[in-house]
Amino acid sequence: ERRCTWWIHRKGSETWKLKGAARPAHEVYNFDVRYVCPHQEEMQDYQTRSEREVNVFLTYRGAVARDASAMTWDTAAYPHSLCA
């Protein structure tokens with residue numbers, strides 16, 4: 001009595017040679033890994049620039065001319081902005 005044992009010796013799926021649409025993308029296409037997205041590059045530049053910059057209006061908000069408490073609008077030696 002002979003049994004069919006061909007499936008025992010059959011090689012696994014790692015040896016299969018796929019064709020057409022079944023092939024993985026890295027075999028079909030030549031991916032350029034050096035591509036730099038201009039939007040991501042611009043965002044990184046913006047983040048590094050914003051880390052360096054200091055908004056003096058927000059930093060010193062309300063602290064301008066605190067030491068000149070005696071000064072009023074009439075006696076000020078320098079012009080004031082109307083945007084307080």
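Predicted model: local features only at pLDDT ≥ 70, side-chain atom pairs only at ≥ 80, totals over all residues.
Q: What is the mean pLDDT of the protein chain?
A: The mean is 75, and 64% of the residues reach 70 or more; pLDDT is the predictor's confidence in each residue, from 0 to 100.

Q: How many helices and strands?
A: Three helices and zero strands, in the order α-α-α along the sequence. Helices (H or I, at least four residues) and strands (E, at least two) are DSSP runs, numbered from the N terminus.

Q: Which helix has the lowest mean pLDDT, and which the highest?
A: Helix 3 (residues 56–59) has the lowest at 81, and helix 2 has the highest at 94.

Q: How much of the chain is buried?
A: Of its 84 residues, 1% count as buried. Buried means under 20% relative accessible area, exposed over 50%, and partly exposed in between (1.4 Å probe, protein chains only).

Q: Changing topic, which residues form a salt bridge?
A: E27 pairs with R23, and their closest N and O atoms are 3.9 Å apart. The rule asks for a side-chain nitrogen of Lys or Arg within 4 Å of a carboxyl oxygen of Asp or Glu. The count comes to one.

Q: Are those two buried or partly exposed?
A: Partly exposed: E27 has a relative accessible area of 45%, and R23 has 35%.

Q: And where is Y29?
A: Y29 is in the loop between helix 1 (25–28) and helix 2 (38–52). Y29 is exposed, with a relative accessible area of 55%.

Terms used:
Residues numbered from 1 in each chain as written. Heavy atoms only, no water.
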